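Keep the sequence and the structure in view as you read.

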Amino acid sequence: MSAFPERHGRIMDNAQNNDTPLKPLQSIDEVDAGLSAAGYIASRPISTAIYLAHHLQKPILVEGPAGVGKTELAKSVAAWLSLPLIRMQCYEGLDESKALYEWKYGKQLLYTQILKDKVGSVIGESDNLAVALDKLHSFGDIFFSRNFLEPRPLLRALEQPRGCVLLIDEIDKSDQEFEAFLLEILSDYQVTVPEIGTVSAMVPPIVLLTSNSTRDLGDALKRRCLHLHIGFPDERLEARIIASRVPGIDARLLKQLVSFVQQLRALDLKKLPSVSETIDWAKVLVLMHTSVLEVAVVRDTLNVLLKFEADIEAAGKQLAGMTHKAQREAGIA
Amino acid sequence: MPGRVDAPTASEPLRRFLQVARGAGLRVSAAEGIDAARALDVIGYGDRAALKDTLGLVLAKTPDEKALYHEAFELYFKHEAFSAAIDESDDGAAAGAADPGQGSGNALSPLLTEDNRAGLAAAMEAAARESGVENIRFFTQKNLYTRRILMAMGLRAVEDEIEALRRDETPQGMERAGLLESRVARLREAVRDLVERNMLLFAKGENEQYREELLKSARLSNIERRDMERMRVLVRQMAKKLAARYAKTRRRRLRGQLDVRRTLRKNMGWGGIPFVTVWKQKRIEKPRVMVLCDVSGSVAAMSQFLLMFLYALNEALSDIRSFAYSGSLIEVSEILEKEPVEQAIEKIMEAIGFGSSNYGNAFADFEDGWMKLVTNKTTLIILGDARGNHNEPRTEILARLSQRSKRIIWLNPEYPTLWGTGDSDMRRYAPFCNLLMECSTLRHLERAISGILEGSS
């Protein structure tokens, strides 16, 4: 993510801007089909979670190792339903003014400067201070109105006319106070801005929170969410995912590389290769016009899968065995 | 008989399952129960896989809970297994089953004769519900509930019928009696199975919780070997809880006190007009802790746990030095840091454990080696019974320590009434301790440590 917190909430608007409201989802199969059309091969629990989140209007807390497609899920749901995706990256020190709203101080200042001259005419020929103040009061809080409010991701998510997919990424990186602050928005889909009042969602957004479990989240938060754990996919699912993400991959190569990665995950490594790494590796192999997985090729490209020197070393000893097993399973003797 | 089965309301199976889930150790709040009911309204009970996914999403909120949930779900929704089991043990019954017209007024008898498995299963379920089998708590109650369920199904009448048939001594009657008897035996086994399953479902969690509660308040020196593993888990849990609560540097905002310097700095961009206010805050620092842990023979049973806790503390606090002593004193910080807990404890006990304690010597060792590291920010925790085997207590060293350090906390595993009796020097050390506490159970330990961490502002 960008290093500038101010830019974290950006809208990835891939909607076709049709104004029709979202139709209620009919079945879990529909979710399945929709997600796979958007390029996301979902396991059954994932589809069920989305379906339930939609009907119960509850946020989903997605946990799992890095790179199994937690963030991707949110993007795919947005793409499929053609809703805008609003993403908020969490980090230590994230607070209301960066997540919810901020006053446009610069604009306020600028306007006061411009309007300085007008003040005289507004106050007019008032004799004393009390009368002048009364006149000013009658203008209300013009500088603390909607015009000077800069909505941050959370507020923006509530203001989407068709609803949206709100992705609160890596919630475990944020502080505990921020987590508590999220509770109101997650259970009632409304937030309170002291100067303006309570803002409720026009259409409740589909909320996904992701966590890598670097710390235990509070029970209050967990209670309000559906809890989806995405683990590493099994061989069949992974093959389907790769086939969808790397079109044009040779079926036999696909079988081999998936089998190889599955074996790799059984080893005792510091960081196990995730689906995203498998996809990267598949792309690399396709680029290299590999048709059969050979030990030499694997050795050269292993750094795509494993990110630690110690892991590469540990796996290195067993490369030959694993490669042969993968070949056997793909029917290449 | 099947007609008598009350159609349970839609929420009844769910209610029972929630009970089961709680028993299995899942923490299911009332709100989550309602969520589950709402979710099932959407999904329905039709598809077993979808049902499992759905309840899993709503009820189990950690990977550990997911595993527990998986187990509980499989156990609870296993009813099909009943009919299958009878199928397997079904042999040579066909002849008897084709024997109509012998039915009595008893409803169980025809079910048995016809080998109507679905009917039997339903009747068994109903009888089980009636007899309140979910209240089973102890394995000694198994026979009781088995009998109760069988009675509720009308076994008495069948037994009477068999009796009557045997008395008649017609060959046809004898054959039928034999058939009924074998069926009843099979039924009894099935009911026994059902009761056992219910005990697993409903009683396991509660017993576990009960034992844990017991262990938490049992004296550490009395804990038996077979409970060691469970204690280890408990200590780890407790330490983890403490670590999660105190591992971060915390700040507390001071209400209403403006930090003028930082406010001006922050608002420089707006010409010093304070649009953004910055409030003063107090940084709550992690405590600097030095722990001296007695591992001598007199507290050997306890020191296992004290060391275990020390190990956990080591993870929670960054600035901690640990020492172990009996006759003399050594630093064990490094061992605790590098080795996994079991080995670390073993190593320490090997190096210095089980000796006869000499507090004077230990304090002298500490003064020689580490006194200079004690500052006015250091909290010193001493775990021990203060029984120095009539050696010189060297209270003057403790006095010096108390002057140098922020505070001294002494946790003594003995009852307070025993302090100062025999070779205990507790009363002599007491004046130099800022806090002196009895610490003989896991609960005491938790309270003491939590107090230390909290009060370290």
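The contact between the chains of this predicted model draws 18 residues from chain A and 21 residues from chain B. Which elements of chain A give two or more residues to the side that touches chain B? They are helix H2 (44–56), helix H5 (105–123), helix H9 (219–224) and strand E10 (226–229) of chain A. H2(A) gives the largest share, with 7 residues. By class, this side of chain A has 9 nonpolar, 4 polar and 5 charged residues.

Now take chain A by itself. Chain A holds 15 helices and 10 strands. Its length is 333 residues, and 38% of them are buried. Look next at contacts in chain A between residues at least 6 apart in sequence. Of these, 80% join residues at least 24 apart.

Turn to chain B and its helix pair. Helix H2 of chain B covers residues 30–43, and helix H3 of chain B covers residues 48–59. Their axes come within 9 Å and cross at roughly 150 degrees. An angle over 145 degrees counts as roughly antiparallel, so H2(B) is roughly antiparallel to H3(B). Is the crossing of H2(B) and H3(B) left-handed or right-handed? The crossing is right-handed.

Both helices supply residues to their contact. From H2(B) come B:Glu32, B:Asp35, B:Ala36, B:Ala39, B:Leu40 and B:Ile43. From H3(B) come B:Ala50, B:Leu51, B:Thr54, B:Leu55, B:Val58 and B:Leu59. By class, the contact of H2(B) with H3(B) has 9 nonpolar residues, 1 polar residue and 2 charged residues.

The two contacts can be set out by residue class.

How confident is the prediction? The model scores ipTM 0.79 and pTM 0.65. For chain B the mean pLDDT is 77, and 82% of its residues reach 70 or more. Residues 1–9 of chain B have pLDDT below 50. Beyond near neighbours in sequence, that stretch has 13 contacts in the model. Residues 80–105 of chain B also have pLDDT below 50. This second stretch has 26 contacts in the model beyond near neighbours in sequence. Where pLDDT is low, predicted coordinates should not be read in detail.

Methods:
Residues numbered from 1 in each chain as written. Chains lettered and ligands numbered in written order. Predicted model: local features only at pLDDT ≥ 70, side-chain atom pairs only at ≥ 80, totals over all residues. Axes fitted to C-alpha atoms, helices over the stretch in contact; angles between N-to-C directions. Helix = DSSP H or I, 4+ residues; strand = E, 2+ residues; numbered from the N terminus. Parallel < 35°, antiparallel > 145°, perpendicular 65-115°, else oblique. Left-handed = near helix turned anticlockwise from the far one by under 90°. Contact = placed C-beta atoms within 7 Å. Nonpolar A, V, L, I, M, F, W, Y, C, P; charged D, E, K, R; others polar. pLDDT = per-residue confidence, 0-100. Buried ≥ 20, exposed ≤ 12 C-beta atoms within 10 Å, placed from the backbone.
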